[in-house]
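The following note sets out points for a colleague who wishes to inspect selected helices, a sheet and individual residues. Each point may be checked against the structure displayed below.

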Amino acid sequence: MTVLPENKSPLKYGLFAINIIFIALIFILLALSYMQTHKQRINDAILHTKLVESTFSRTLEALEVSLNSLALDVAKGRFEIKHVYDLSTKAHKILNFSPQLRQITLVHNNQTIVDTRHTPPEDINVNILELKKNRGEFLAEGINIGSVIRGRYLPLRNRGADEGSKRGLLPVSFETYNINGEEALIVAAFNPSYLNSFILGLDSTPNDSVYIIDQDGDTIIQKGLYGPHRQKIIELHDSLLSSGAQELSWSSSNILLGHSYALRLSSQYSFAAISVVSFNDTFMLWIDERSVQLLLLLCAMFFLLVTSYLTYKSNKKALYMADEVHLLSEVVEHNPTLIFITNRKGVIHYANKSFEVYSGYRREQAIGKKPSILKSGETSTETYKDLWNKITLGQEWQGDLHNKDRNGNSFWVRANISPLLNSSGDISHFIAVEQVITEEKAIQEKVRLASTVFSSSTEGIMVTDIDNNIQLVNNAFETITGYHPSEVLGRNPKLLKSGKHTHDFYSELYLTLNEKGSWSGEIWNKRKTGQIYPQWLTISERRDEQGSLEGYVSLFSDISKRKHDEELIAHQANFDGLTGLPNRHLFKDRLEMALKESDRKRCTSTLLFIDLDRFKFVNDNYGHSTGDLLLKQVADRLQTSVRATDTVARLGGDEFAVIICEVQSPRTIELIARKILLTIEKPFHLGEHVAYISCSIGIANYPSNANDVEEILNQADTAMYKAKAKGKNTHEYFSDDLSADLQRKAELEKEIHKSIQHHDFYMVYQPIMNQDGIQTIAYEALVRWNHPEKGEISPEEFIRVAEETGQILPLGEIIIDQACIFARNLNELQNNPPKVSINISPVQLARGDVDQTIRKALSKNRISGKNIIIEITESVLLENDSTSIDQLNTLVELGIEIAIDDFGTGYSSLSYLEKFPISRLKIDRSFTHAMSDSKRHRAIVEAIISMAEALDLTVIAEGVETEKQLAILRQHSGIQIQGFIFSQAKSPQTFL
């Protein structure tokens, strides 16, 4: 049998060869994939080293800035009490806003003078802290870093570390000098766990290690065992130091079981960051990451003989995934800091997820643009120039930048920007690692503002701990209390107690504070000088984040001025500002109390109503300041005229009142009233002037005369007016007759008002004639009242009531209007008619507009002032009021003559006649009636006539009723006669 040679198909061998080659290629790709993972692990170690070094440097930088600010304050003083207190306050503030610190101390001459942990400070054991001098020069001296020791706080002198504590601390120090050049050491307890959490967050395997070592190769912070790597790390560390470079990486030749080391020196501080990667973990990581690829490889090899297409696809997919692994870095992608890479021109090629979160730009929106899209405009151009100059020269740049996101919101970053070198050592890219510090900046600003408010507040602020010991006070505390902060720190606020409050007061205060968490109210405290003063105090609880009570905050202000103002207001509300006597308000209160006391004790209370006579004369002639001085002296004299238990009050103007309680005998009141009259009529020496006045006193008793306050006031007032009516300078008791008169006046007041409305008043006119009774010179206008029920009421009765109640004003306008109508009618009938004489009340003149009323009446009736005579009484002259004089002068300018009515019955004086524009005198009817039977009265009449002739004044004699009276008057030429002897008063129609 012939055996034919085996037919070997070229296609078969070709496919086999292709498969062999393809499998070889697969293994080559797997090797490349592993090498890529191996390289990525080395790159991860380098990146971790940069991140750890950058983070720890930034942390130390912030810590150094804070400690340097304290060092600057150290240099301002000599460690005196106030200086140490200020340094302690500053240390507490730094600690409150430095979460990475647990404790800050200041050591001078091996003694602790500031300690945020203990009050008072306790000496710490500096010797075991192994503090080493920093070779960096970030600030003047640099920060010194010790070795991590056990314990939460710095060990005390003669004590070691707290080896039983699960916590550790990293001591750091800062050398400084006071103003005298004395050395001091700021020592702080840094919390290593602040960085441990960051290191644990790095994307690494369990066998990977991270260390921070000092310049001697000792660990500061570590993750993983240091011993197995110590010798190699120290060797690499020494090599790096001798080379002058900043970073170094080294890998063992065994790529499966060896290690890779990455070291990076801090450019500012004496430490290095080291990351150690285990290649054993690299292989297992590669197996874990490529498990799918390996499974696909096996499947590909199984099916490779079936189809080359599937093999091709499998290899392509493996290459694609290997490329993806090369480009992506999970550590960078998920890092909480902003990381982006630019080319040499500053165009962004890569940005991580944190960049998207904080910038607001999606990755595809940012790539291809420059980082200037984040500029806010708040960072200076010089800063950016310095940044670009450094990184283009191959240097690293660090600093704070103020950025703005895509939506226009600003945020702060602390940036670390470094160049990336290619295999040729040239800069190919730049990498920026930026930590968002917006909250940190905000906290710094809040600290600054809080410190400013605390220091500049005008309210005293006191902070105490849970044991109520004072921890902190502000400047206003010293201003208000007088205590310097160094005198009160650590002490209990009870040193401020005034002793004015009872134990129950403080018990109630603390009960409210415990129940409501705060208390506010008025309290009396004591200054350092011993002065007791009022405060408005607010106390509030301080609680920590867990809600536990930490202590209390007290805000207080000195309300001494407010209390004084309240007392002044109360005094002004109850006492007369001029005399210091009780005013009307307090007088009524005391009168009510006196009446109640009378009811309780069944005794008599008496009210004296006092009105000064001729006070207006003094005030107008000598000036208001002299009048005020007179009122003060009157007040003094009244107080000396009564008993100590009696009340003297000024009711207003020149009115005073005296309340006499528990009157045992009417004689007591009589003696007091007479004493007041005698005291007041004595001369008053008022500077350059001497004044003589008197007073009128009205007296009313309770309960015999009145039933309540208002009634006794009205009765005393009525009695006072009766005393004035009797000629003044006397006193008058209220009686039943006065009560009836008072009732009569009240009824008349109502009836006058009604009658004015109903036109019940009418006018009559009495001629004023020459001595022969032939020629009528003038008519005096006289008002009459025909009451619809009571008939004719005497003018003497209703005129007085109208003046007292002010109803003379509307009634006077009626009289003026009717008299001018009568004058107009006379003008229409005669060429040279008699004048019409109108009586004007002092009340009308006091109002100040009688001249305008008469002017309007003249204009309304189209008559001249020459047709009118105005009659005033001597009381107007006595007032000597400038307003009255001005009105009379205005009337004279209108052509009106002024006559003095009832002349001789008052205080007649030539000075008055000279001062006022008088042209006529009317002798009072009382002298006219008596002159025929009394030589004395006749002499008075003749004297008046002689005086008038000398002053060129026209004389009118009123009330002439008999021929004998007329004959006497006719002995003097030019006397005008008015009286029944010629004519009674008649209606106007009689004379028209």
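1. The model is predicted. The buried residues of α24 are I808, L809, L811, G812, I815, I816, A819, C820, F822, A823 and L826.

2. An open sheet deserves attention next. Five strands make up this sheet, in the order β8-β7-β11-β10-β9 and with antiparallel pairing. At the edges stand β8 (219–223) and β9 (247–251); each has a single partner strand, so one side of each is left without a neighbour in the sheet. From one strand to the next, the twist averages 10°.

3. The pairing at β9 can be described in more detail. Strand β10 (residues 259–265) pairs with β9 in the antiparallel sense over 5 bridges. Within this region, E247 stands opposite R264 of β10. In general, strands of a sheet pair through backbone hydrogen bonds, either parallel or antiparallel.

4. Helix α4 (residues 227–243) lies across β7, β9, β10 and β11 (271–278), and runs at about 45° to β10.

5. With 17 residues, α4 reaches 25 Å from its first C-alpha to its last, close to the 24 Å expected at 1.5 Å a residue. A bend of about 25° is found in α4 at I233. I233 is also one of the buried residues of α4, the others being H229, L236, H237 and L240. What covers these buried residues includes β7, β9, β10 and β11. After α4 comes G244, whose phi is positive, near 80°.

6. How do the axes of α18 and α19 cross, and within what distance do they come? Helix α18 (residues 615–622) and helix α19 (residues 624–641) have axes that come within 6 Å and cross at roughly 145°. On the α18 side, F615, V618, N619 and Y622 take part in the contact, and they meet H624, T626, G627, L630 and L631 in α19. By class, this contact has 5 nonpolar and 4 polar residues, with no charged residues.

7. T481 belongs to helix α13 (residues 475–481). Its relative accessible area is 1%, and T481 is therefore buried, the cut-off being under 20%. Neighbours within four places in sequence aside, T481 is in contact with L496, R527, K528, Y533 and F556. T529 lies 48 residues from T481 along the chain, and the C-alpha atoms of the two are separated by 8.5 Å.

8. Is H972 buried or exposed? H972 has 18% relative accessibility and so counts as buried, since the cut-off is under 20%. This residue is found in the loop between α32 (963–969) and β37 (976–977). Not counting residues up to four places away in sequence, H972 touches Q771, E942 and I945.

Terms used
Residues are numbered from 1 along each chain as its sequence is written. This is a predicted model: local features need pLDDT of at least 70, side-chain atom pairs count only at pLDDT 80 or more; totals for chains, interfaces and linings use all residues. Side-chain values use heavy atoms; hydrogens and water are left out. Axes are lines fitted to C-alpha atoms, for helices over the stretch in contact, and angles run from 0 to 180 degrees between N-to-C directions. Helices (H or I, at least four residues) and strands (E, at least two) are DSSP runs, numbered from the N terminus. Contact means heavy atoms within 4.5 Å. Ala, Val, Leu, Ile, Met, Phe, Trp, Tyr, Cys and Pro count as nonpolar, Asp, Glu, Lys and Arg as charged, and the others, Gly among them, as polar. Two strands pair if DSSP finds at least two bridges between them. The expected span of a helix is 1.5 Å times one less than its number of residues. The bend at a residue is the angle between axes fitted to the seven residues ending there and the seven starting there. Buried means under 20% relative accessible area, exposed over 50%, partly exposed in between (1.4 Å probe, protein chains only).
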